[in-house]
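Trainee: Please take me closely through the aromatic contacts in this model. I would like one connected account.

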Amino acid sequence: MKRAILLTVAVVTVCIIFSGCNTATENGVSLHDTPKIYDLQDEDSLVTMPTVTLYENGNALLSQPPISSYAILEIGKYKIDGNQLTVTHNDSSSATFEISDDGDTLTLLSANLGFTKVGAVYKYRSNTDYLSSLTKFDGKKLTLDTLRKIAKKAPNLAVSDFEKYEHFDIDPDSHIFDIEDEYTLKVIFAADGSTNCTVERNSSGESFPLSLNGSTGYVFDAFLGLASIPKCETRKWLDYFGTNEMPWNESKELTLTEFPGVTFKWTSEKVTAGDKELFWGMPVWNIYLTDLTNDGKPEFCSTVSLGSGMIDNRIIVFDYVTDKMYQLSDRMYYDYFLRLDNGKLMVTQTDYLDGKPLVTAELQLRNGEIFRFGNTIEDKNSVTD
């Protein structure tokens, strides 16, 4: 009986917390009231956790103030036990709040997260009231189908792609669009001239960076549940990098089910498909196969050396489907090489002079080029200067 009473209390509390989830209409615009956001009261939000966000599916987000160098980038979870709400991120960072009887107030009881204050009070802020307080621009309704078409322009999205659609302005460079009461689009014109576009699912807080649509692992239709990315297991064809086993005068052949009727051939100086040369090196040290373009077919990913006298190691990715080659190189500044680690194809950046490993990251294509990470040529020049 006691367990049943506790369960009833928990269910009632959840219902109170999300009692504002029904959509409302104001000025002809449907404004959603989920997620539920609780704002810090009577404290300095520059140094104390500003907001607590709860989503319908049990996800949650604890924000960090601008003064913090630590930001929680992943969605957490929340649970309710009686009149207490506990939000947990990564099973390590958590905060527990007391819930008021009406569900509109949270009071922080304890936290192992920086920039929090026990006793801090957070009040529910109606999303309807919040959006209604902003400047509204009338225009065409931005539908999900229209947004899918716009997303195909990534990474070349601009504010002008969205300005004719109905939206709210937080400030002249920050705009909010309601997408069929299910998604929220945030468009921000950044100081560097770029446009940051993020789509968030209202029920869960899951987000998608629209400008990365089409990059490795980023497919907007997959985020929406309208498509699935074909699985293509990352695998090694050959790897002689860092060894003395290079068969300089031999060749190796490979056939792939993804490319029927095609025989790929490796020799130390090039890779071919029939009579067509795909890429070359001095030598071609290794070749891995992985899908970086989300089409379910593998690209040829290789560490090659190039140069006469002064030699550098670089990464080449060849997409046989589109007959396109990508390169990652910083000749005479940094070298790069590939290796397979727990099923992931990793790139390591090394110092050009002494070969010391500097940074390692997963190989990805972003915005139509190999994702550049780690140290830059400017970093090297600043040290030299």
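Mentor: Start with Arg201. Its charged end sits over the ring of Phe223, 4.3 Å from the ring centre. This is a predicted model, so read that distance as computed; side-chain atom pairs count only at pLDDT 80 or more. Phe223 also belongs to an aromatic cluster.

Now the ring pairs. The structure holds 18 of them. Take Phe97 and Tyr122. Their centres are 5.9 Å apart, with 90° between the planes, and the pair is edge-to-face. Phe97 lies in strand β8, residues 93–99. Tyr122 lies in strand β10, residues 121–125. The pair therefore ties together parts that are 25 residues apart in sequence. Phe97 counts as buried because its relative accessibility is 0%. Tyr122 is buried too, with 0% relative accessibility.

Next, Phe162 and Phe177. The centre-to-centre distance is 5.9 Å, the planes stand at 55°, and the pair is tilted. Phe162 sits in the loop between α3 (144–151) and β12 (167–171). Phe177 sits in strand β13, residues 174–179. So this pair links parts 15 residues apart in sequence. Phe162 has 1% relative accessibility and counts as buried. Phe177 is buried as well, at 1%.

Phe300 in β23 stands opposite Leu289. Six bridges join β22 (residues 284–290) to β23 (residues 299–306), and the two strands run antiparallel. They belong to an open sheet of five strands, ordered β17-β22-β23-β24-β25, with antiparallel pairing. β17 (235–239) and β25 (324–328) stand at the edges. Each has a single partner strand, so one side of each is left without a neighbour in the sheet. From one strand to the next, the twist averages 20°.

Finally, confidence. The chain has a mean pLDDT of 90, and 90% of its residues reach 70 or more. Two stretches need care. Over residues 1–12 the pLDDT stays under 50, and the model has two contacts beyond four places in sequence for them. Over residues 20–31 the pLDDT is also below 50, yet this stretch has 30 contacts beyond near neighbours in sequence.

Terms used. Residues are numbered from 1 along each chain as its sequence is written. Side-chain values use heavy atoms; hydrogens and water are left out. Two strands pair if DSSP finds at least two bridges between them. Helices (H or I, at least four residues) and strands (E, at least two) are DSSP runs, numbered from the N terminus. Axes are lines fitted to C-alpha atoms, for helices over the stretch in contact, and angles run from 0 to 180 degrees between N-to-C directions. pLDDT is the predictor's confidence in each residue, from 0 to 100. Contact means heavy atoms within 4.5 Å. Rings of Phe, Tyr and Trp (its six-membered ring) pair if their centres lie within 6.5 Å; planes under 30 degrees apart count as stacked, over 60 as edge-to-face and the rest as tilted. Buried means under 20% relative accessible area, exposed over 50%, partly exposed in between (1.4 Å probe, protein chains only). A charge sits over a ring if NZ of Lys or CZ of Arg is within 6 Å of the ring centre and within 35 degrees of the ring normal.
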